[in-house]
Amino acid sequence: MARIGVFVCHCGENIARTVDCARVVEELKSHPGVVHSEDYKYMCSDPGQALVRKAIEENDLTGVVVCACSPHMHEKTFRGAAAKAGLNPFLCEMANIREHCSWIHEDRGEATDKAIDIGRTIIEKVKHNVPLETIRIPVTKRALVIGGGIAGIQAALDIADGGAEVVLVEKESSIGGHMSQLSETFPTLDCSQCILTPRMVEVLQHPRIKLHSYSELESLEGYIGNFKATIRKKARSVDEDLCNGCGDCQAACPSRKIPSEFDAGIGKRSAIYVPFPQAVPNIPVLDRVNCTRFKAKRKGIEKDVCGKCQEACLKGAIDYEQEDSFVTEDVGAVVVATGFQLYSIGRDQPAGLKGYGEYGYGDVPDVIDGMQFERLASASGPTGGEILRPSDGKPPKTVVFVQCVGSRDPEKGIPYCSKICCMYTAKHTMLYKHKVHDGKAIVFYMDIRAGGKGYDEFTRRAIEDDGAQYVRGRVSRIYRDGDVVKVWGFDTLSGEQVVVDADMVVLATAMRPQPGIAELAQKLSISYDEHGFINEAHPKLRPVETNTAGVFIAGACQAPRDIPESVAMASATAAKVLGLFSADELEREPTVALVNEQTCIGCFSCEQVCPYGAIEHVDVCDVEGHVCGVVARVNPGVCQGCGTCVAVCPSKSVELQGFTDEQIYAEINALGSW
Amino acid sequence: MAATDTPMKPDGFHPRITAFVCNWCTYTGADLAGTSRLQMASNVRIIRLPCTGRIDHMFIVKAFERGADGVIVSGCHPADCHYTAGNYHARRRFGVFRELMDFMGIDPQRVTFSWVSASEGAKWKDVVNETVARVAELGPFDAYHELAGDTVTGGEPAPGPFEAASGAETPDPLEELEVGR
Amino acid sequence: MKELRDLTRKLLADGDAGVVIGWEEGRRGARPAFITTPDDADKLIFDARCVHNLANYLNPRKPQVKALGKPAVVVKGCDAKAVAGLLREAQLTRDRVILIGVRCGGVVQTPEMPAELTEATVATRCYGCDVREPKLVDHLVGDARPEPPVTAALDRRIAELDALSPRERWQFWTSQLAKCTRCHACRQACPLCHCERCITDKTQPQWIESSSHLRGNFAWHLTRAQHLAGRCVGCGECERACPVGIPLSLINRKLQLVVKDLFDYTVTDDPEVPAPIGAYAVDDKQEFIE
């Protein structure tokens, strides 16, 4: 039998001014199940809470209703008080007679009647409240970081330095990402590799970081604190344990004219290769698509062809028969740091993008993109840092830089601003002018967006100190005319058409998410926007979390980001991960869904609507142990308690604790006594 | 319940409105209305749910059965759902249920569906006042309350199933239309 | 017919199926038949009187059928939609049933009627049929049949109801639902009402009053319709089963139209297409929301 205590708060005059608290106490005293009813001036004060505690102890209450303010205000307070008196905190509820009553009505009689109604409703609810226990979930203090660019590296190092283990997965044969390809970085013009490679080495040497290079996430199971990641280690054809990185294989390889991905296609590499000298790990990978031996095999030639790398390797590390292998890692959190790719200026465009045929489609060799320019300007690049144009290797005397190629162009499929291009174009003009002193740098821009510490000053420097010529307007057409590249543009400030005979054109192409992001997002049950960038849980307040608890994001996988932002975001993510790992167990509100497996028919309507993937399939066995059905079960570690599953369950076989059908039914019924 | 006159109530009729609202947007918006001291009609009783996704059509049916003259269902605006998509699911279900109620003769004007965010205290006030005014205009929902003889609102017992089947006293406006078989 | 009977004989003789569920001649027209031996295959018939939705026998609530072994079921297009529903809702796996599709030219309203299809005899569900040749089948038998006669009677009745005031509709439905005795034949006859414990049988709390007064009846019929929204295949078995003649097809058809209008969704016999309730689109219609 219910023994409910009712506590009516005056909130000073806030409630008492319009609600006759004494009448509320009297009316509710006679409500069935109520054994104690009293009022007090400030129920949330220490003496007020003491009244609640005393009443619980003296009257052996089975439920507490505090008629006071909004539960958002003081539910925690009074549940705490109830717990102190030995009553399960979830047997205490607030009846909101302040925000929803005394403050919004003037008529004392009406407000008092309504307050009594509200009290009755909550009393009836509390009669059906049951004790709930806080959910505790163990946490594996180990993080999986996907992507070994600067964001992934920073996140991995911060987490590992914080004391937790890290598994870092990189799809390429070396970590470093796009940052390792850059020559210098804005706004300081410090050498990208000089600041990055020490961090890469740190990753390799860190006792708590385990690196899987040339690997990808195959699948992820489990939930926050308790994920099981399966990682596909792609066949490298090189035994990672045996290889000592001497480079003999690379030197022996006869296929040497393969466009180097690291050099953005303007340099060459061999079929077995490390992408760049400072690669981490310094273990080559055999490109089976371009290797003579594998090409021959694909053509059906039985005999073994080539094999020069194997002959050259004194360690016997080359393994042509190697196959993809799988490892599983138990982790408690996942960080997605998969970065970006550039809008392709080539002929082939993914669905939804139209490309820039009018800019040469990549047919004109001296029309290059920003990353190719980085490689031309880089001391480690194919030209040793000399700016030479791809077609004939001559130093270009006039270079046109076109901003917003792809970005802010809904017609071409990308409406957003890629954010970094204004800055890197300014940087490019400076790098160019520093190397080709008599050269002319012309920039076509829509707007200059240089928000950031030292950013505007940087673009000013490009214009004022280094003499870059900025033309406000779009370029309509770029084509080859003999030795020169004709650039047709329009200067919107002077209102004149501009035609430039350029030696080389650099297109500042848009940032796009990595290919395969949709598949990865599906594996992680996280969402992405229409462009493929991962959605954060809240754009302002939860920028590094996703809607799947325990999965975090860092860097350009979420939106176009520059290096400082990616690093800041990675550190923020690391703080979130370390926060998650700071306790041995996660504590969760027990207001989660619970399936009645006796009546569940396993239609999985609940699974269809669950935003968190919290529904699991459980076999039901007969007495002999044979599987005779499948029912749903809610993983309390994943469930966030929205209750959407309850509403769609046709047989009402799932309940939301704290908001059960019985509780709501009782509330609706209580209103019937108006 | 005893009632006093306010301008919201023509003919002394006090509509009884049950509101089912989500915890994160509308409930908090109603809190804000309180904090802002926005005065509104006192006819609405709020039942707090975590999300509109939790709200079952049965709640509406039961509220009418138990004497409500009108119902409000309110939650987060699209894209604002605390749980990502609960409101989208609710929108589909209630989009259908509203049509179903209408088809079965429950005037859809008795049920208000709205999005009220945590910052829209003023909108909550409007939703409350407009719903109360509209339902006051429609009058008491005795038709529903009196569906069964043991109705909580009292009044004349409704005819038993077989009495009604004989149909002598209940004029069937569709007899000529041959809507039934 | 021969094709169907030969196939049945073969399925049973080879042991591929334990029972072939189809139709046979009964005392009062066509009726469901459960053929378990090849010798009985010749009992099978298929004509316009074969109105029954045999998908109902695949419903997991039917242990008697389960006991006969792996079923092969003869399905018309509309029946195939119901099978797809069961597959979609994980009540059946495709490998546990053999589906024999029949090319259909429409059916009459009740199995007792003569097989002659006219505008007056054709079942209302055949109007606008888009699955006269079911796709979700292992075997497809029978010759293509002519289009059924057009009858938009149901839609016409709905339009008439829609034109009334809510109060008049209320009077219509209360007079109809007052007849309901809550025998739940509509539920039993429905191939997609597959809950082990129906919500109307739940007592803690009792959302739907079980006694047959109008209040409980209203709650039941609103719930039945709402639960079937976007799932109902329109086979009309509920209405045919109703002993007091409540025009349930009006409600079901109305919701089909609503679902089509709101979500541009039509129930199909493709189990991979998700049901509209449980899915959503960010830009779903929301004019009804203030």
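**Helix H1 of chain C and its surroundings**

Reader: What makes the span of helix H1 (residues 2–13) of chain C close to the expected one?

Author: In this predicted model, H1(C) has 12 residues and covers 16 Å from its first C-alpha to its last. The expected span is 1.5 Å times one less than the number of residues, and for H1(C) that comes to 16 Å, close to the span found.

Reader: Which residues of H1(C) are called buried, and why?

Author: They are C:Leu4, C:Arg5, C:Leu7, C:Thr8, C:Leu11 and C:Leu12. Each is called buried because 20 or more other C-beta atoms lie within 10 Å of its own.

Reader: How do you know where on the helix the buried residues of H1(C) lie?

Author: Look down the axis of H1(C): the buried residues fall within an arc of 160°, so they line one face of the helix.

Reader: What do the buried residues of H1(C) pack against?

Author: Strands of chain C, including S1 (19–26), S2 (29–35) and S5 (98–102). After the helix comes C:Gly15, with a positive phi near 75°.

Reader: What makes domain 1 and domain 2 of chain C count as in contact?

Author: Their C-alpha centres lie 25 Å apart, but contact is judged by residue pairs, because two residues are in contact if their C-beta atoms lie within 7 Å. By that test, 18 residues of domain 1 of chain C are in contact with 15 residues of domain 2 of chain C. The domain 1 side has 7 nonpolar, 7 polar and 4 charged residues.

Terms used: Residues are numbered from 1 along each chain as its sequence is written. Chains are lettered from A and ligands numbered from 1 in the order in which they are written. This is a predicted model: local features need pLDDT of at least 70, side-chain atom pairs count only at pLDDT 80 or more; totals for chains, interfaces and linings use all residues. Helices (H or I, at least four residues) and strands (E, at least two) are DSSP runs, numbered from the N terminus. A residue is buried if 20 or more other C-beta atoms lie within 10 Å of its own, exposed if 12 or fewer, and partly exposed in between; C-beta atoms are placed from the backbone. The arc is that of the directions from the helix axis to the C-beta atoms. Domain bounds come from an automatic or database domain assignment. Ala, Val, Leu, Ile, Met, Phe, Trp, Tyr, Cys and Pro count as nonpolar, Asp, Glu, Lys and Arg as charged, and the others, Gly among them, as polar.
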